Amino acid sequence: MLKFGSRFKAQSIISFGPSCLSAEILKSCNQRTATFGFDWFRSGSFHHANFIRYPTEEFLRHYVVCPSLPLVQKNNPLEHESKTSELVKRDTIYGYEVLYNPHRPYNHESYQYFKRAFLRLSIRIDPLHLSNNEDFIPPTLLLTDYINKEHYIHIPDPKKAMLYLQSLFLLRYGYKPKIIILRFNACSDQLFPEKNVSIVSSNQGLILVVPISRSIDDDVLSRRNYYRSLIPLLSEATL
């Protein structure tokens with residue numbers, strides 16, 4: 001039986017992938033009380049759906065412990081003369097095709113760490129885990145990528161991603177979480193001062209496009225200091 005404190009139940013904003021960038025931002029801004037399931041994972045829409053769909057232990061066993069590429073039959077073999085159908089990659093709406101944590105070795109200690117993190121997440125997002133004297137406050141989900149950095153463009157259609165996630169939550173938990181999709185616009189140091197934050201608000205949440213100079217982006221300490229400047233923006237977005 002895993003035991004951990006309850007401070008994480010009050011965390012208002014949770015990183016939900018698709019990479020560890022969202023968790024890094026919240027950590028830099030002192031907005032994390034604990035590690036949640038997808039914080040340091042590379043994940044995608046397929047994994048988010050199955051985390052919500054299946055019990056945590058089953059999700060861990062099938063998707064976390066054994067990283068694999070989601071495949072699907074191309075068509076129904078019974079409808080073809082050859083009675084044969086090939087496997088093809090399953091389409092993803094956003095994020096990575098394989099759920100994987102690149103920061104930890106895959107051993108028993110890490111499995112226990114993963115288990116605690118995903119159990120925290122399942123408790124935080126599910127109103128049924130509350131005791132009678134607790135009021136449930138739906139968390140805000142943070143997803144982050146870049147609009148123009150190679151290998152970091154993970155959310156091609158932010159509005160579609162929002163609708164997809166909210167429909168999953170509504171069907172499973174009976175509520176629609178607020179969603180923030182933060183997208184960095186990497187630009188030259190010369191153009192950086194001229195760039196402004198773009199905010200698109202909708203019923204699903206907020207899409208923020210935030211400029212970041214490449215010199216800041218390339219330096220870890222500078223990047224984390226820059227993330228701290230986003231605290232007022234994130235705080236306002238969660239209201």
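Student: Where does P18 lie?

Tutor: P18 lies in the loop between β1 (13-15) and α1 (21-28), where helices (H or I, at least four residues) and strands (E, at least two) are DSSP runs, numbered from the N terminus. A cis peptide bond joins G17 to P18, with omega at about -5 degrees. Before we go on, note that this is a predicted model, in which local features need pLDDT of at least 70 and side-chain atom pairs count only at pLDDT 80 or more, while totals for chains, interfaces and linings use all residues. Residues are numbered from 1 along each chain as its sequence is written, and side-chain values use heavy atoms, with hydrogens and water left out.

Student: Which residues other than glycine have a positive phi?

Tutor: Among them are N30, with phi near 55 degrees, and H151, with phi near 75 degrees. N30 is placed in the loop between α1 and β2 (42-44), and H151 is in the loop between β6 (140-146) and α5 (158-173).

Student: Is N30 buried or exposed?

Tutor: The terms rest on relative accessible area: buried means under 20%, exposed over 50%, and partly exposed in between (1.4 Å probe, protein chains only). N30 counts as exposed because its relative accessibility is 69%, and H151, at 65%, counts as exposed too.

Student: How many salt bridges are there?

Tutor: Side chains of opposite charge can pair when their charged atoms come close. The rule used here asks for a side-chain nitrogen of Lys or Arg within 4 Å of a carboxyl oxygen of Asp or Glu, and by this rule the count comes to seven salt bridges. One of them joins R224 to E24, at 3.6 Å from N to O. R224 lies in helix α7 (residues 220-228) and E24 in helix α1, so this pair ties together parts that are 200 residues apart in sequence. R224 is partly exposed at 36% relative accessibility, whereas E24 is buried, with a relative accessible area of 13%.

Student: Which partner does K149 have in a salt bridge?

Tutor: K149 pairs with D217, and the closest N and O atoms are 2.9 Å apart. This pair links distant parts of the chain, since K149 is in the loop between β6 and α5 and D217 is in helix α6 (residues 214-218), 68 residues apart. K149 counts as partly exposed at 23% relative accessibility, and D217 counts as buried at 5%. As for networks, salt bridges that share partners join E24, R223 and R224 into one.

Student: Over which rings does the charged end of K149 sit?

Tutor: A charge sits over a ring if NZ of Lys or CZ of Arg is within 6 Å of the ring centre and within 35 degrees of the ring normal. The charged end of K149 sits over the ring of Y146, 4.7 Å from its centre, and K149 also lies over the face of Y152, at 4.4 Å from the ring centre.

Student: How many disulfides does the structure hold?

Tutor: A disulfide is a covalent bond between the sulfur atoms of two cysteines. With the cut-off that the two cysteine sulfur atoms lie within 2.5 Å, the structure holds zero disulfides. For C20, the closest cysteine sulfur is that of C29, and at 15 Å the two are too far apart for a bond. C187 is in no disulfide either, the nearest cysteine sulfur, that of C29, being 19 Å away. C187 is buried, with a relative accessible area of 4%.

Student: Which residues form a nonpolar patch on the surface?

Tutor: Patches are made of residues with over 30% relative accessible area and no salt bridge, like charges being joined within 9 Å and nonpolar side chains (Val, Leu, Ile, Met, Phe, Trp, Tyr) within 5 Å. L69, L71 and L87 form such a nonpolar patch, with about 260 Å² of accessible area together, and these areas come from the Shrake-Rupley method with a 1.4 Å probe, where for residues only the protein chains shown count as cover. L69 is in the loop between α3 (56-64) and β3 (71-73), and is partly exposed, with a relative accessible area of 34%.
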